[in-house]
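Hello,

Here is the structure I promised to hand over. Have a look, then read my notes below.

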Amino acid sequence: MLNCFRCDGSAWPAVSPERRSPSAVPPIAMVKTFQAYLPPQCHRTYSCIHCRAHLANHDELISKSFQGSQGRAYLFNSVVNVGCGPAEERVLLTGLHAVADIYCECCKTTLGWKYEHAFESSQKYKEGKFIIELAHMIKENGWD
């Protein structure tokens with residue numbers, strides 16, 4: 001996990017952690033922590049529209065032709081800075097799937113879902129992949 005200077009202790013005076021006053025701990029709202037940053041050579045990235053945490057590299061995009069509850073959505077091979085809720089069975093446009101809602105680890109906004117299991121053989125390619133709705137992401141770095 002990558003933390004700001006307040007989280008790694010560099011802003012603390014030379015006092016042992018046991019002797020630090022609980023009231024001296026910086027408020028959580030002041031600290032912005034991302035799980036991962038996409039490398040600078042990733043020229044085109046997608047970020048959370050609410051807090052700008054990195055979500056995915058454009059090279060991980062599989063398809064732009066998906067539909068979410070709030071409109072268009074993209075299918076990705078992998079994502080970063082995303083938490084995953086419990087899996088549940090849902091009937092989607094393409095049939096029955098076991099999916100888990102995914103959310104931004106920084107601001108906790110629900111972004112889309114992860115395909116845990118596809119019950120139809122034609123849909124198996126989605127297993128382990130992620131849907132992020134366009135309403136929750138923004139394109140950054142090198143889009144012309």
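Keep in mind that this is a predicted model.

I'll begin with a strand pair. Strand E3 (residues 61-68) and E4 run antiparallel, joined by five bridges. A two-residue hairpin links E3 to E4. Gly68 sits opposite Gly71 in E4.

Next, the nonpolar cores. The largest one has 16 residues. Within this core, Tyr46, Phe76, Leu111, Ile132 and Met137 touch the most other members. Five strands each supply at least two of its residues: E1 (45-48), E2 (54-57), E4 (71-76), E6 (95-104) and E8 (130-133). There is also a second, separate core of seven residues. Among them are Phe66, Leu75, Val99 and Trp113. In soluble globular proteins, nonpolar side chains tend to be buried together.

Phe76 is worth a click. Leave out its neighbours within four places in sequence, and Phe76 is in contact with Tyr46, Ala56, Asn57, Glu60, Leu61, Ile62, Lys129, Phe130, Ile132 and Met137.

That list brings in Lys129. Where is Lys129? It lies in the loop between strand E7 (110-118) and E8. Lys129 is buried, yet has no salt bridge. Glu127 is the nearest side chain of opposite charge, and it is 8.5 Å away. What does Lys129 touch, not counting residues up to four places away in sequence? The partners are Ile62, Leu75, Phe76, Asn77, Trp113, Lys114 and Tyr115. Of these, Phe76 is a member of the largest core, while Leu75 and Trp113 belong to the second one.

Best wishes

Methods: Residues are numbered from 1 along each chain as its sequence is written. This is a predicted model: local features need pLDDT of at least 70, side-chain atom pairs count only at pLDDT 80 or more; totals for chains, interfaces and linings use all residues. Side-chain values use heavy atoms; hydrogens and water are left out. A nonpolar core is a set of buried Ala, Val, Leu, Ile, Met, Phe, Trp, Tyr and Cys residues joined through side-chain atoms within 4.5 Å. Buried means under 20% relative accessible area, exposed over 50%, partly exposed in between (1.4 Å probe, protein chains only). Helices (H or I, at least four residues) and strands (E, at least two) are DSSP runs, numbered from the N terminus. Contact means heavy atoms within 4.5 Å. Two strands pair if DSSP finds at least two bridges between them. Lys and Arg count as positive and Asp and Glu as negative; His and the chain ends are not counted. A salt bridge is a side-chain nitrogen of Lys or Arg within 4 Å of a carboxyl oxygen of Asp or Glu.
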